[in-house]
Amino acid sequence: ADSLNHAIRKIDPANVVTTIAIGFNQPNGISAGANDTLWVADTRSNQIKLISSVTGALMATIGSGNVGSANSVIPTLTEFNRPRNLVVLSGAGGVLIADTGNNLIRRVTTNSALMTLSTETVAGLAGVAGRVDGTTNTATFNAPIGLLSDPESGILAVVDSSGSAAEGGALRTIQLTAPLESIQQTTLGYL
């Protein structure tokens, strides 16, 4: 994301820079999705956008553009507050979003019953800044800005940026799924 030029750009293996899409308002986070798509955290628009990585065409917009924390099964009724980063999960896990201004981790998933994209809060308390550990419905964050998912361990790492000057930021983790069992077989071959 070329945030201050309000564009999404790519650098190819020959080091050639090409603009894929324009018309954003300080995009920050980008994550590759299925079928040549890119998910974009359009921070100052308070929206998440899905674009074609080939043509740059806008395919979906999640978020009304208004500041807020409303979840919805209707994409245009969802509200964000300066979403800064996102990560696409494998399978039907959806897209996790660092909703920085709301101090939340949110998820967008496909609602096949309604043929739309639904939004839900995964962790944090809307508008409550803090660094309290606990279950996802009691833990608090303070301006989360980065996300990294490890599909093997089922852990989501969260960069929680704010705190007192003495504390600084923090790297926090959320266990999204049970860790995969390790392989116990010590020999190769057929049974």
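I will take the salt bridges, then the sheet.

This is a predicted model, in which local features need pLDDT of at least 70, side-chain atom pairs count only at pLDDT 80 or more, and totals for chains, interfaces and linings use all residues. Residues are numbered from 1 along each chain as its sequence is written, and side-chain values use heavy atoms, with hydrogens and water left out.

A salt bridge here is a side-chain nitrogen of Lys or Arg within 4 Å of a carboxyl oxygen of Asp or Glu. The count is 6. One of them joins Asp-99 and Arg-106, with the closest N and O atoms 2.5 Å apart. Buried means under 20% relative accessible area, exposed over 50%, and partly exposed in between, with a 1.4 Å probe and protein chains only. Asp-99 is buried at 0%, and Arg-106 is also buried, at 0%.

Arg-172 bridges to Asp-133 at 3.0 Å, N to O. Arg-172 is buried at 8%, whereas Asp-133 is exposed at 62%. Shared partners join Asp-133, Asp-160 and Arg-172 into one network. Arg-172 also lies over the face of Phe-141, 4.8 Å from the ring centre; the rule is CZ of Arg or NZ of Lys within 6 Å of the centre and within 35 degrees of the ring normal.

Now the sheet. Strands are DSSP runs of E, at least two residues, numbered from the N terminus, and two strands pair if DSSP finds at least two bridges between them. An open sheet of 4 strands runs β3-β4-β5-β6, antiparallel. Its edge strands are β3 (27-33) and β6 (58-62). Strands β4 and β5 pair over 6 bridges, and Val-40 stands opposite Lys-49 in β5.
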